[in-house]
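This report describes selected local features of one protein chain. The model is shown below.

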Amino acid sequence: MKTIFITIDWFHPAYKAGGPVQSIANLTEQYGDGQVKYKIFCSNTDLDGSINSGVLFDTWCNYNEHTTVWYASKNKRSVEILKREIKNSNADILFVIGIYSWYFNLVPLLFCKVAVKIISVRGMLHPGALSQKSFKKKLYLALWKMAGLHRRYDFHATDAREQQFILQAFGEQARVFIAGNFPRVFNFQQAAQKETGKLRLVSVALISPMKNILLVLEALHFCTAEISYDIYGPIKDGFYWQLCRDKIKMLPANITVCHHGDVLPSKIEAVLNNYEVFILPSKSENFGHAIYEALSAGKPVITSNHTPFNNLQSNHAGENISTKNISEITTAINFFAAMSAAEFKSWNEGAKSYASRQVDFNELKVQNDNMFLQKF
């Protein structure tokens, strides 16, 4: 059995950091089979700094039968403690989630001794992600290359597209393993009560420019149907959310918008059951767990072309729209709002069918075997 030591800023019960947290949780739940065990070293807080409840700090806690977690409190995040715990684990692989964190990314890469180190970039090299605070990120990546870190370690990409982003950033000599995300699959939710001329629309996402909630609100201003739009997720960018609030105040009477705040991952499936269409025109998504989960529940999705989920319309699974054209989003929303329950049925079923074809769990296992069970 191989020991995989994972360093990541946040982990369950933290959830507000979104995709990377859910990706690692799904990995530990769905990839094990007696071949690997996980030791996860993370902070004892969530993205907003709130302290995790229900877990012990600064010691190893059981998470599942093959996973233990160390929740490091802020005053005990020394280089020496991390070096000690990695050494004592006798880890075969150090799996570093992210590239920008000093303590959870750079310290284990620079100061800890493990035979194999794999850097999982988790969408951070996508052009859409690099466009945010671009000068700082370009400078940081230049320093990485000057230090030669990209030549000393392996990389993990979730698909061929992300592999190309890694090669663009670090050169063709970078060694990249491709292993897709294990998603959660929800039960099919039949939308039999869909009313013609009305739409119940939902987003589950961090409130930040990357998720483009403001763009949805701008598009809703021009919608003619009766639409209720509910938003679930923590506010990551307060200034951006204020822009959203200002836009909400200007919406016409046929549009109602409500922000419900955080939603626990365990509650998302139940939340989705109250809606017909999921919308999230992200500037980039490494995978988009919330998008896949909505599709698996049978919710047609309106999203951008910057996610792994394309060709939605031809599969009766939703609409891919341009993030530079508000009218496309307005048209897509009105399109679904105009449907009767009978018309919507094929899209409801199409979303579920599309989701089932997007993920091959056997292939995901083979990909992760190639990365984690490699011969050194």
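Which helix gives the most to the lining of the second largest pocket?

## Basis of the description

The model is predicted; local features need pLDDT of at least 70 and side-chain atom pairs count only at pLDDT 80 or more, whereas totals for chains, interfaces and linings use all residues. Residues are numbered from 1 along each chain as its sequence is written, and side-chain values use heavy atoms, with hydrogens and water left out.

## The second largest pocket

Helix α14 (residues 361-372) gives the most to this lining, with three residues. Helices (H or I, at least four residues) and strands (E, at least two) are DSSP runs numbered from the N terminus. A pocket is an open set of points on a 1 Å grid over the protein atoms alone, where a 1.4 Å probe fits, with protein on both sides within 12 Å along at least five of seven lines; lining residues have an atom within 4 Å of a point.

The second largest pocket has a volume of about 270 Å³, the volume being the space filled by probe spheres set on grid points joined across faces, edges and corners. Its lining comprises 15 residues, of which T158, G180, F287, Q358 and L364 lie nearest the centre. By class, six are nonpolar, six polar and three charged. Here Ala, Val, Leu, Ile, Met, Phe, Trp, Tyr, Cys and Pro count as nonpolar, Asp, Glu, Lys and Arg as charged, and the others, Gly among them, as polar.

## Parallel strands

Strand β12 (residues 277-280) pairs with β13 in the parallel sense over three bridges; pairing requires at least two DSSP bridges between two strands. From β12 the chain crosses through helix α11 (residues 289-296) to β13, a right-handed β-α-β crossover: with the strands pointing away from the viewer, the path from the first strand over the helix to the second runs clockwise. F278 stands opposite V301 in β13.

β13 and β14 also run parallel, joined by four bridges. T303 has N320 in β14 as its bridge partner.

## Loop residues

N90, in the loop between α2 (79-89) and β5 (93-97), has a positive phi near 50 degrees. N90 is exposed because its relative accessible area is 62%, exposed meaning over 50%, buried under 20% and partly exposed in between (1.4 Å probe, protein chains only). H316, in the loop between β13 (301-304) and β14 (318-321), also has a positive phi near 50 degrees, but is partly exposed at 34%.

A cis peptide bond joins H12 and P13, with omega about 15 degrees.
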